[in-house]
Amino acid sequence: MTAPVTSIQAIRYARHERKAGANFTAPVDDHDLPMPLDYYVWAIHREGLPPVIVDTGFGAIAAAARGREITRPVRKGLREAGIDRLGVTDVILTHLHYDHAGGLEDFPNARFHIQDAELAFATSRQMCDHHVRAPFDGEPVAQVVRRLYHDHVVFHDGDESFGSGISLHLAHGHTAGLQVVACETERGTVILASDAAHLYANLARSIPFPIFIDEADYIRAQSRVMELAGGSLDHVVPGHDPLVLSCFPTENDIARVDLPPHRPIAEVL
Ligand SMILES: [Zn+2]
Ligand SMILES: [Zn+2]
């Protein structure tokens, strides 16, 4: 029997040059070496169903405001991945940070799937704290609320089946309601970890990325990701790692992460 998920594309749209020291909550030996972040949206394909998009990316205004470089606008990336964004009926929002929820307008016909805890958090008094609020933009959160009033938001609470080879898993710590996406593929369960793991190095070193609301929960979320992936780094797709493009079969900045990496990820780190 063939697996329900037939392919998964990681579509890169932006980049941020930075040093390793900026990517960990604890001091690291290579702190002064370059360790850039890439930004992706993901597309999950199943037989006979429209693609499910995971996260929406951000646009030119957020890129300029935050000093990120758009390598290819999300709309163009989707087109070049063979996806008609107007035909997308379901978008999973892993969380509401600007770089994941900044492009809702690209999917006018979609329902947005989000954890209860994430929208509650993003509209709570905790956003009065400028440090907590920094990775959020108000407009995407307002857009989610507006979509809610048009019956275009679907809430999830904890771990839930999404149907046909996809399940959602709460992995809070980075934010209050971050969810990771598990996909049943030909090579086993592949976890789209989003910001539960920015980089393979965060997992391999067991040191999370330095944006969190609860560091202990964040470390537990990383362990949960590894558990869901059957203990295999090769079955985890981190949210921001350039290694995704260099390690998996890639064409035109679009990696096929349903396929195995060229070499075991643990050997590349
Ligand atoms: Zn985030
Ligand atoms: Zn992110």
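Let's start with a pair of neighbours: strand S8 (residues 160–163) and strand S9 pair in the antiparallel sense over 3 bridges. Keep in mind that this is a predicted model. From this pair we can follow S9 to its other partner, and then step back to look at the whole chain.

**The S8–S9 hairpin**
- S8 and S9 form a hairpin, with 2 residues between them.
- In the turn sits Ser164, which has a positive phi of about 45°.
- Across this pairing, Ser161 stands opposite Ser167 in S9.

**S9 and its other partner**
- S9 also pairs with strand S10 (residues 179–185), again in the antiparallel sense, over 5 bridges.
- Here Ser167 stands opposite Ala182 in S10.
- How well covered is S9? Strand S9 (residues 166–170) is mostly covered, with 4 of its 5 residues buried.

**The whole chain**
- Stepping back, you can look for 10 helices and 14 strands in the chain.
- Buried residues make up 47% of the 269 residues.
- The C-alpha trace spans about 50 × 50 × 35 Å along its principal axes.
- Why call the chain's radius of gyration in line with a compact globule? A compact globule with 269 residues would have a radius of gyration near 18 Å, and the chain has 17 Å, so the two agree.
- Among contacts between residues at least 6 apart in sequence, 65% join residues at least 24 apart.

How values were computed. Residues are numbered from 1 along each chain as its sequence is written. Chains are lettered from A and ligands numbered from 1 in the order in which they are written. This is a predicted model: local features need pLDDT of at least 70, side-chain atom pairs count only at pLDDT 80 or more; totals for chains, interfaces and linings use all residues. The radius of gyration is taken over C-alpha atoms; the globule rule is 2.2 Å times the number of residues to the power 0.38. A residue is buried if 20 or more other C-beta atoms lie within 10 Å of its own, exposed if 12 or fewer, and partly exposed in between; C-beta atoms are placed from the backbone. Two residues are in contact if their C-beta atoms, placed from the backbone, lie within 7 Å. Two strands pair if DSSP finds at least two bridges between them.
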